[in-house]
Amino acid sequence: MPSLRVAEAARFLGVSDDTVRRWIENGTLTGIRDASGRQAVKSLELARLARSQAQLPADPADSASSARNRFVGLVTDIVMDKVMAQVELQCGPFRVVSLMSAEAVRELGLEPGSTATAVVKATNVIVEVPPGKKQV
């Protein structure tokens, strides 16, 4: 089972190393020792904790959809010409960029600071792992 050192786990959760250590001490996470003897946590346990602690804003659309990848966030920037626009959203720790017509931006009333939902329906999703980090 893959594991992550405390510092790596902290980066994935957006917390300090000390917070991860406290979670190990209070039983929120189970501490283990990696091959070098350093304190670590099991990656699967960390993933489950990350999922349980994710607090996304409510999706204002509240509509039925087959798209499962919905990211609620704030519009941070719009670059627009007469025909096309590039709209950037900050959805939690993730930056999502959408290219759309300038007409759509106007019709949706988008402007920096607006709340919006990025809906992603893709037939092709690429998953990568860092070099030298083959999962075993």
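In what order do the elements of the protein run from the N terminus on? They go β-α-α-β-β-α-β-β-β-α-β. Some notes from going through the model follow.

1. Ground rules. This is a predicted model, so to speak: local features need pLDDT of at least 70, side-chain atom pairs count only at pLDDT 80 or more, and totals for chains, interfaces and linings use all residues. Residues are numbered from 1 along each chain as its sequence is written, and side-chain values use heavy atoms, with hydrogens and water left out. To put it plainly, without the "so to speak": the model is predicted.

2. Overall make-up. The secondary structure comes to four helices and seven strands; these are DSSP runs numbered from the N terminus, with helices being H or I of at least four residues and strands E of at least two. Of the 136 residues in the protein, 26% are buried. Here buried means under 20% relative accessible area, exposed over 50%, and partly exposed in between (1.4 Å probe, protein chains only). The accessible surface is about 10000 Å², and carbon and sulfur atoms hold 53% of that; areas come from the Shrake-Rupley method with a 1.4 Å probe, and for residues only the protein chains shown count as cover. As for contacts (heavy atoms within 4.5 Å), 42% of those between residues at least 6 apart in sequence join residues at least 24 apart.

3. The three-stranded sheet. Three strands make an open sheet in the order S1-S3-S2, with antiparallel pairing. Strand S1 (3-5) and S2 are the edge strands, each pairing on one side only. Direction ignored, neighbouring strands of this sheet are turned by 50° against each other on average. Two strands pair if DSSP finds at least two bridges between them, and S2 and S3 have three. Within that pairing, Arg33 stands opposite Gln39 in S3.

4. Helices around that sheet. Helix H3 (residues 43-53) lies across S1 and S3 and runs at about 70° to S3. For angles like this, axes are lines fitted to C-alpha atoms, for helices over the stretch in contact, and values run from 0 to 180 degrees between N-to-C directions. Helix H1 (residues 6-13) has Val6, Glu8, Ala9, Ala10 and Leu13 buried. These buried residues pack against S1, helix H2 (17-25), S3 and H3. Gly14 follows H1 and has a positive phi, near 70°.

5. Strand S4 (residues 69-80) is joined to S5 by six bridges, running antiparallel, and a hairpin links S4 to S5 through three residues. Asp77 stands opposite Glu88 in S5. Strand S5 (residues 84-91) then pairs with S6 in the antiparallel sense over eight bridges. The S5 and S6 hairpin has two residues between the strands, and Gly92 in the turn has a positive phi of about 65°. Gln86 stands opposite Leu99 in S6.

6. Salt bridges. The count comes to three, taking a salt bridge as a side-chain nitrogen of Lys or Arg within 4 Å of a carboxyl oxygen of Asp or Glu. One is Asp18 with Arg21, where the closest N and O atoms are 3.6 Å apart. Asp18 and Arg21 are separated by about one helical turn, because they are three residues apart in helix H2. Asp18 is partly exposed at 47% relative accessible area, and Arg21 is also partly exposed at 34%.

7. Asp34 and Arg38. Asp34 sits in the loop between strand S2 (31-33) and strand S3 (39-42), and its side chain meets that of Arg38 in a salt bridge (3.7 Å, N to O). Is Asp34 buried or exposed? Asp34 is buried, with a relative accessible area of 17%, while Arg38 is partly exposed at 40%. Leaving out residues up to four places away in sequence, Asp34 touches Arg5 and Ala40.

8. Glu88 and Arg95. This salt bridge has its closest N and O atoms 3.2 Å apart. Glu88 counts as buried at 15% relative accessibility, whereas Arg95 counts as exposed at 54%.

9. A nonpolar patch. Which residues form a nonpolar patch on the surface? They are Val83, Met84, Val97 and Leu99, with about 380 Å² of accessible area together. Patches are made of residues with over 30% relative accessible area and no salt bridge, where like charges are joined within 9 Å and nonpolar side chains (Val, Leu, Ile, Met, Phe, Trp, Tyr) within 5 Å. Leu99 lies in strand S6 (residues 94-101) and is exposed, with a relative accessible area of 63%.
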